[in-house]
Amino acid sequence: MIWSIILPEFAFLSILFFYFKFRKSPEKYATFSLNKKTYSSIITRNEVMHTVWSMFIFALLGGVIDICAANDLTSLYTDNEQYGYTYTFLSFFIVIGLNDIYFYLGHRFLHWKPIFKKIHSIHHQSHTPNPFSAFSFHPLEAVIQIGIIPLVAIFIPLHTGVLLIFSAFLLFMSVYGHCGYELRGGKAKSLHIFTNSIHHNQHHRYVNHNFGLFLIIWDKLFGTLHPKHKQESEAFQKGG
Ligand SMILES: [Zn+2]
Ligand SMILES: [Zn+2]
């Protein structure tokens, strides 16, 4: 497995998936649109340029895994007998949970004024999120956000397949959060547990709310959930 190719490839394919899904027939998805604008009118040259740079950073981070794996410095395994099937299955949810805490705290750190100004403000230049906003990062932010992948590969015993699915899921869901369309509006019950695309869209609009990634509990726990999150999600569900 060549992680220096896999990571940027997963990120790029996720962008292409959402871009072509909604670019081709925006009128078909008009009721799901959060911004009521077509991609061609909102994607900026800056977003594309920062995304290209992020792909290089992802390749470098993947390269860290490749070098560590070549020197037997990762905790990756391929033989299920080593830790058992139950652990292999549970480990996916362990890394999802760990990443969620890591992301929330890291995101709060990126919003600390001096850091925000120098680093995270680039990501927040995207006022109308689209697939090319997802990885429109300052290079250091790209390291912080995706650095979790080599970290878990080195320190947590993980089946190679689990790391592969986790990486794909993380990168895909990052683009989903920025795609500008809400496809899960009807799943109001899950709003108590999971975030949705409206959640991150509000983060780009209001900046000081909604710092979480997959789970909504961190925003609820630390009091950073936008007061209109539920209201907007439910209104959207009805097509409002
Ligand atoms: Zn932010
Ligand atoms: Zn964002």
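These questions and answers walk through a predicted model of one protein chain.

Residues are numbered from 1 along each chain as its sequence is written, while chains are lettered from A and ligands numbered from 1 in the order in which they are written. Because the model is predicted, local features need pLDDT of at least 70 and side-chain atom pairs count only at pLDDT 80 or more, while totals for chains, interfaces and linings use all residues.

Student: How many helices and strands are there in the protein chain?
Tutor: Helices here are DSSP runs of H or I with at least four residues, and strands are runs of E with at least two, numbered from the N terminus. Read along the sequence, the pattern is α-α-α-β-α-α-α-α-β-α-α-α-α. The count is 11 helices and 2 strands.

Student: What radius of gyration does the protein chain have, and what would a compact globule have?
Tutor: The radius is taken over C-alpha atoms, and the globule rule is 2.2 Å times the number of residues to the power 0.38. The C-alpha trace spans about 55 × 40 × 40 Å along its principal axes. For 240 residues the rule gives a value near 18 Å, and the chain agrees, with 18 Å.

Student: What percentage of the residues of the protein chain count as buried?
Tutor: Count the other C-beta atoms, placed from the backbone, within 10 Å of a residue's own: 20 or more means buried, 12 or fewer exposed, and in between partly exposed. Apply that to the 240 residues of the chain, and the buried share is 38%.

Student: Among contacts between residues at least 6 apart in sequence, what percentage join residues at least 24 apart?
Tutor: Two residues are in contact if their C-beta atoms, placed from the backbone, lie within 7 Å. Take the contacts in the chain between residues at least 6 apart; the share joining residues at least 24 apart is 72%.

Student: What is the distance between the end C-alpha atoms of α3?
Tutor: The expected span is 1.5 Å times one less than the number of residues. For the 26 residues of α3 that gives 38 Å, and the end-to-end distance agrees, at 38 Å.

Student: What covers the buried residues of α6?
Tutor: Those buried residues are E141, A142, I144, Q145 and I146. Their cover includes α1, α3, α4 (85-110), α5 (113-120) and α7.

Student: Which element gives the largest share of the side of domain 1 that touches domain 2?
Tutor: The domain bounds come from an automatic or database assignment, which gives domain 1 (3-32 + 42-181) and domain 2 (184-240). In all, 17 residues of domain 1 are in contact with 12 residues of domain 2. Both α4 and α8 give two or more residues to the domain 1 side. The largest share, 6 residues, comes from α4.

Student: Is D72 buried or exposed?
Tutor: D72 sits in the loop between α3 and β1 (76-77). Its phi is near 60°, a positive value in a residue other than glycine. Most residues other than glycine have a negative phi. D72 has 7 C-beta neighbours inside 10 Å, so it counts as exposed.

Student: And N210, buried or exposed?
Tutor: N210 lies in the loop between α9 (197-206) and α10 (217-221). Its phi is also positive, near 60°. With 24 other C-beta atoms within 10 Å, N210 is buried.
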